[in-house]
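I opened my notebook to get to know a new structure.

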Amino acid sequence: MSLEDLYSEIILDYSKNPQFKKIIENAEEYHGHNSSCGDEITLYLNEKDGKILDISFDGHGCIISQASAAMMCEILKGRSVENAKSILENILRMSRGEDYNKEVVEDIEIFEDIKNFPMRVKCFTLSWHTIENFLKNKGADK
Ligand code: ZN
């Protein structure tokens, strides 16, 4: 897949999920920054009893960073922290070109070819590295 094809698929998908770009009041906030592209992201999270009740993002940057954040919110809303950790692990493996579980990553699989564009991998993983800071403070092994 060319970078152009990847962009058009991502943009198409992103345009379906505008509802996750918003600020949630009284939520936990996690900030991420990708200096190589200038992408900025703030995640808003409400967690209770090991479950992600609500999640959204705000920020600016390239379409890959913003689309990735929107898809992450869509896929993680309502999930348990433990489930989210498993998804995160598989997404990061996918971004490095390693074996991963396709069933676990669901629609995020459309980003699989990002591994062939090293300059863009950081854009894709920004939101995932940002939520990593949240997840490691939650769940059974905190
Ligand atoms: Zn970027």
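Here is what I looked up, entry by entry.

**Ground rules.** I am reading a predicted model, where local features need pLDDT of at least 70 and side-chain atom pairs count only at pLDDT 80 or more, while totals for chains, interfaces and linings use all residues. Residues are numbered from 1 along each chain as its sequence is written, and side-chain values use heavy atoms, with hydrogens and water left out.

**Zinc.** Which residues are the protein donors of the zinc ion? I found C37 (SG), D39 (OD), D39 (OD), C62 (SG) and C123 (SG), at 2.1 to 2.7 Å from the ion. Donors here are N, O and S atoms within 2.8 Å of the metal (3.2 Å for Na, K and Ca); water is not among the atoms, so sites may look incomplete. I noted the sequence spacing of the donor residues as C-x1-D-x22-C-x60-C. C37, in the loop between β1 (28-34) and β2 (39-48), and C123, in helix α5 (residues 118-135), are 86 residues apart. Helices (H or I, at least four residues) and strands (E, at least two) are DSSP runs, numbered from the N terminus.

**Disulfides.** I searched the whole structure and got 0 disulfides, meaning pairs of cysteine sulfur atoms within 2.5 Å.

**Helix pair.** Next I checked helix α2 (residues 63-76) against α5: I64, S65, S68, A69, M72, I75 and L76 in α2 meet R120, C123, F124, S127, W128 and I131 in α5. Contact means heavy atoms within 4.5 Å.
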